[in-house]
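Work through the exercises below with the sequence and the model side by side. Try each task by yourself before you read its solution.

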Amino acid sequence: MKTRGEFFMIKEMYKRGMSISDIARELKMDRKTVKKYISSATVPTGKKRKRSSKPDAFKDYIDRRMMEDLVFNSEKILAEIKALGYQGGKTILKDYMQPFRKQAKKKYTVRYETLPGQQMQVDWKEVGEVILDGRKVKLSMFVGILGYSRMKYAAFTLSQDQEHVMQGMINSFKYLIRGWLRFLL
């Protein structure tokens, strides 16, 4: 779509006697476009008409699955709507679902609040490999976070077995209690 100014410029140039080819060359546009605007009696409005897409007929179903059922797997939804008669592809469906996925991810990262002394979350993180006594060994990090204060304890270990879990918890309790006592005194 050309601007209103270009529309009137094309009309004026043609009125002065310039050929369609000359106008097209001068304005760097296609001859068919120039011819269309010369023969047009109405000024272009610039409004684009809304095109329908293949998922449009299934948007209510897709929205319900995402918002109510919290299903954001495009492969699963694609299989479901194909069974209902969907003829489109996966890419257009994924493009439609993308903003909803981003919104859902934000909801998943909501902090879980607890009362003091009620919860500690424990997890492992694989940090990488180190060379110990000439051999490569996986290095892990034990992390404990208190649910209320978000106070943290972290320690590196060479294993994620039960013994290291228990030792990590004991050490985290000692560390966190010492911190709590320092806070009180």
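A residue is called buried when its relative accessible area is under 20%, exposed when it is over 50%, and partly exposed in between, with a 1.4 Å probe and protein chains only. This is a predicted model, in which local features need pLDDT of at least 70, side-chain atom pairs count only at pLDDT 80 or more, and totals for chains, interfaces and linings use all residues. Residues are numbered from 1 along each chain as its sequence is written, and side-chain values use heavy atoms, with hydrogens and water left out.

**Exercise 1. Find the mean pLDDT of the protein, and say which elements have the lowest and the highest mean.**

Solution. Begin with the term itself: pLDDT is the predictor's confidence in each residue, from 0 to 100. For the protein the mean is 85, and 90% of the residues reach 70 or more. Next, take the elements, where helices (H or I, at least four residues) and strands (E, at least two) are DSSP runs numbered from the N terminus. Helix H6 (residues 90-108) has the lowest mean, 78, whereas strand E3 (residues 152-157) has the highest, 94.

**Exercise 2. Decide whether Ala24 is buried or exposed, and list its contacts beyond four places in sequence.**

Solution. First locate Ala24, which belongs to helix H2 (residues 20-27). Its relative accessible area is 6%, so Ala24 is buried. Then look for contacts, meaning heavy atoms within 4.5 Å; once neighbours within four places in sequence are left aside, Ala24 touches Met29, Asp30, Arg31 and Val34. Finally, Lys35 is 11 residues from Ala24 in sequence, and their C-alpha atoms are 9.1 Å apart.

**Exercise 3. Describe how buried and exposed residues are arranged on helix H3.**

Solution. Start with the buried residues of H3 (residues 31-39), which are Val34, Tyr37 and Ile38. Seen down the helix axis, these residues fall within an arc of 105° (taken from the directions from the axis to the C-beta atoms), so they line one face of H3. On the other side of H3, Lys32, Lys35, Lys36 and Ser39 are exposed. To finish, ask what the buried residues pack against: the partners are helix H1 (4-15) and H2.

**Exercise 4. Compare the phi angles and accessibility of Lys28 and Arg150.**

Solution. Take Lys28 first, which sits in the loop between H2 and H3 and has a phi near 55°, a positive value in a residue other than glycine. Because its relative accessible area is 75%, Lys28 is exposed. Arg150, in the loop between strand E2 (135-146) and E3, also is not a glycine and has a positive phi of about 65°. With a relative accessible area of 26%, Arg150 is partly exposed.

**Exercise 5. Characterise the lining of the largest pocket.**

Solution. Count the lining residues first: there are 17, and Leu146, Ser149, Met151, Leu176 and Trp180 lie nearest the centre of the pocket. A pocket here is an open set of points on a 1 Å grid over the protein atoms alone, where a 1.4 Å probe fits, with protein on both sides within 12 Å along at least five of seven lines, and lining residues have an atom within 4 Å of a point. Then ask where the residues come from: helix H7 (residues 162-184) gives the largest share, seven residues.

How values were computed:
Ala, Val, Leu, Ile, Met, Phe, Trp, Tyr, Cys and Pro count as nonpolar, Asp, Glu, Lys and Arg as charged, and the others, Gly among them, as polar.
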